[in-house]
Amino acid sequence: WLLVLAGAGTGVLGAILGTGGGVFLVPILVLGFGVPMHYALATSILTVIATSSAVASTNVERGTANMRLGMTLEIATALGAIGGGALAGHLAPSVLQGLFALVLIPTASAMWRGQTEALPGAHRDPYQPEVPNAPHHGGMDGEYFDEGTGQVVEYQVHRLWAGMLVSFFAGTFSGLLGIGGGVFKVPALHILCQVPMKAAAATSNFMIGVTAAASAFLYFGRGEVRPTLTAATVLGVLIGSILGLQLNRRIESHMVRRLFALLLGAVAVQMAFRAWTGRG
């Protein structure tokens, strides 16, 4: 039951933030439940698939997720995920924990800074930098109805090449560290490609399931998927993802992001300590 609750909590956060929840789940399993690092990564990969499956269809139906952009970026992400999953089997747990700490630090920084959705009457997030006369990819442009502001938000996709590059590295870290890669994709889509925050998170949620599936079979083939552990966690993640999807339509996320930025910072310190002392 504790695993179900832990999965539900990470499912809520993954659905709201578009990260898949793996960035929270792996530290919880390793530090809170004493699960070996490789087993925790395998469990997280499968829960990322569950998170994406639970919320992606709704985001696509509402038009928040940009399917054309997501599948284009997924080409690079899937290639990176396969390489990262293969590499994970050859690294010691302490090395993986050290890498995970390095991932958590910039994630905590990004969440602390926080970004809000477009203000009423605006069609662009105020935190997005202006790109004068920047070329955009018309076939990737999108729009969606924001229930929070009651407005239709239109946007153009810029710097697709930068999004592809970041997506490749996001896929690599996804396969290597058992996370959905959303911690990299969402900032890249928002800052580099000029996609509004809500659309960036929804598109990331749509992509992470494919990313995780590309590397999941490698963990399964190595015998690192523990059925009981994974089943309990996935059940909680599915419940939490559905709840998070509903909450995301009604609440502001910037306070949640700041609170969890502090949590991620503390977890990063603990993971770095375990990696340094070799307590894998």
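**View 1. The loop between strand 2 (151-155) and helix 6 (160-177), where Arg159 is found.** Helices (H or I, at least four residues) and strands (E, at least two) are DSSP runs, numbered from the N terminus. The model is a predicted one, in which local features need pLDDT of at least 70 and side-chain atom pairs count only at pLDDT 80 or more, whereas totals for chains, interfaces and linings use all residues. Residues are numbered from 1 along each chain as its sequence is written, and side-chain values use heavy atoms, with hydrogens and water left out. The phi of Arg159 is positive, near 50°, in a residue other than glycine. Arg159 has a relative accessibility of 32% and therefore counts as partly exposed, a class that lies between buried (under 20% relative accessible area) and exposed (over 50%), with a 1.4 Å probe and protein chains only.

**View 2. Helix 7 (residues 182-192) and its buried residues.** The buried residues of this helix are Gly182, Val183, Lys185, Val186, Ala188, Leu189 and His190. Helix 7 is followed by Gln194, which is found in the loop between helix 7 and helix 8. The phi of Gln194 is near 65°, a positive value in a residue that is not glycine. With a relative accessibility of 7%, Gln194 counts as buried.

**View 3. Helix 8 (residues 197-221) and its kink centred on Ser215.** Helix 8 has 25 residues and reaches 36 Å from its first C-alpha to its last, close to the 36 Å expected at 1.5 Å a residue, where the expected span is 1.5 Å times one less than the number of residues. Because 20 of its 25 residues are buried, helix 8 is largely enclosed by the rest of the structure.

**View 4. The salt bridge between Glu224 and Arg222.** Helix 8 is followed by Gly223, whose phi is positive, near 75°. Side chains of opposite charge can pair when their charged atoms come close. The structure holds one salt bridge, defined as a side-chain nitrogen of Lys or Arg within 4 Å of a carboxyl oxygen of Asp or Glu. In the pair formed by Glu224 and Arg222, the closest N and O atoms are 3.4 Å apart. Glu224 counts as buried at 10% relative accessibility, while Arg222 is partly exposed, with a relative accessible area of 31%.

Notes:
Bend = angle between axes of the 7 residues up to and from the residue.
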